[in-house]
Amino acid sequence: MFRRISLLNKRGFLSKKDNFNRGLLFSPLLLIPLFLVIVSGLLIKSVQESLIVSNYLSHILTGFLGYFLAFFISYIPLERIRKYLVPFYLFTLVSLLLIYFFGISVSGAQRWLNLGIFSFQPSEVAKLSTVLTLALVLDKKLVLTTRDLILPLLVVIIPWLLIFFQPDLGTSLVLLVLTSVMLYWSQMPIEWILILMFCIFTSILYLTLPTLLIFWIPVIGYLAYRSSRKKIIFSALAISFHLLVAKLTPFLWEYGLKEYQKDRLVLFLDPNRDPLGGGYHLIQSQIAIGSGGLFGTGLLRGKLTNLQFIPEQHTDFIFSALGEELGFVGCIIVLFLFFFLIKNLINTATNARTNFESLIVIGIASTFLFQIIINLFMTIGLGPVTGIPLPFMSYGRTSLVTNFISIGFVLSILKRSRSLRS
């Protein structure tokens, strides 16, 4: 894929003054998110209909603000902001650190900073800053040896640790996934990606069936052996790394997660074991989606949604409101729009004019796609409740603005790749 981008780049890129292009306002990359914002705004109104103050208007207005902000950002060539990426990344780390001293705690998690007129969630911005900084690092030097992995992993592990101990398990998982996808996109051997991703399975086995590690760890060693010239050394490093992960797992489980998070991770397999506690969200979400049937009850007419049977439904469980009020057909339409959005992002990454821009777009695409899949699985009971929002639909001003800024970067890349091809 990078060979194709390099060939395009060799043809040169004529820097021309950008003229106002009204067509970008009607780009699917902007219209689809805006449509999702409007639909979810109506769903939020339905969820909070019995409350005196509803967040639906704030969600829609923030969406329109993000829409025009993305359009404005599309006129900024990303090459001009390269020198600001490292300061932006450091600012994000500082804001994540400040949460531990001045953060606002909501529902047992300390994730917000109060800036007076509004609250700010640094972990949402950290997703974008990590994508941008990681793209900058991978663009300067591709990962061809284990030594080349040190800096990219360092870029990710610092915000990951700060986010994980907030605690914010969902966002920490997002960082791991976008890192793996970006490393793969930069042509790192697939075996190396698997060795990093399989750390999750190593942790799960250590907590549940530790004896199976006797068979699992040699598999890791074999993957490392077949993927490197220094076979013995790399195998030893991979095995040692996974043994270290196994030893650190009890510490992370005990001190990194709150009790309610542990319950959510365990109870999704059988939420009826604790129907009024850790399994309550999953059970009520499944009931709401199932009650919608084929066409749903209609917008603002969902009984379970109106009566607020699902706590925090306007954030993490907005998809259950969609299922109840717009039914199976409404869910399929929304999922198709998400699919079309991701497809456009991947096409933009493939046709980008530089490796740096391609890495940024694929990082943004993987962030959106992972959040969509996990949020969907979470609401229908196929995965644990991890607090991952549904992009452009879950209420959250920091998340929504950050997502639109990401779309603005993609539009900037798309516009310049089209100029090059023309």
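Predicted model: local features only at pLDDT ≥ 70, side-chain atom pairs only at ≥ 80, totals over all residues.
1. Gln-121 lies in the loop between strand S3 (119-120) and helix H5; helices (H or I, at least four residues) and strands (E, at least two) are DSSP runs numbered from the N terminus. Gln-121 counts as buried because its relative accessible area is 12%, where buried means under 20%, exposed over 50% and partly exposed in between (1.4 Å probe, protein chains only). Leaving aside residues up to four places away in sequence, Gln-121 touches Arg-111, Trp-112, Asp-168 and Thr-398, a contact being heavy atoms within 4.5 Å.

2. Residues are numbered from 1 along each chain as its sequence is written, and side-chain values use heavy atoms, with hydrogens and water left out.

3. One cavity of 30 Å³ or more is found in a search of the whole structure. A cavity is a set of points, on a 1 Å grid over the protein atoms alone, where a 1.4 Å probe fits but cannot get out; a pocket is an open set with protein on both sides within 12 Å along at least five of seven lines, and lining residues have an atom within 4 Å of a point. The largest cavity has a volume of about 80 Å³, a volume being the space filled by probe spheres set on the points, which are joined across faces, edges and corners. Helix H5 (122-140), helix H16 (355-380) and helix H17 (397-421) are the elements that give two or more residues to its lining. H5 gives the most, with four residues.

4. The largest pocket has a volume of about 1,900 Å³. Of its 47 lining residues, Leu-173, Leu-176, Cys-199, Ile-200 and Ser-203 are the closest to its centre. Helix H7 (169-185) is among the elements that each supply at least two lining residues, and H7 gives the most, with nine. By class, this lining has 39 nonpolar, eight polar and no charged residues, whereas that of the largest cavity divides into four nonpolar, four polar and two charged. Here Ala, Val, Leu, Ile, Met, Phe, Trp, Tyr, Cys and Pro count as nonpolar, Asp, Glu, Lys and Arg as charged, and the others, Gly among them, as polar.

5. A nonpolar core is a set of buried Ala, Val, Leu, Ile, Met, Phe, Trp, Tyr and Cys residues joined through side-chain atoms within 4.5 Å. The largest has 103 residues, of which Met-182, Leu-345 and Phe-392 touch the most other members. Helix H15 (residues 318-351) gives the most to this core, with twelve residues. Beyond four places in sequence, the contacts of Met-182 include Val-131, Leu-134 and Leu-359.

6. Twelve aromatic pairs are found in the whole structure. Rings of Phe, Tyr and Trp (its six-membered ring) pair if their centres lie within 6.5 Å; planes under 30 degrees apart count as stacked, over 60 as edge-to-face and the rest as tilted. Phe-198 and Phe-201 have ring centres 5.6 Å apart and planes at 75°, so this pair is edge-to-face. Phe-198 is buried at 18% relative accessibility, whereas Phe-201 is partly exposed at 46%. Trp-160, Phe-164 and Phe-165 form one aromatic cluster.
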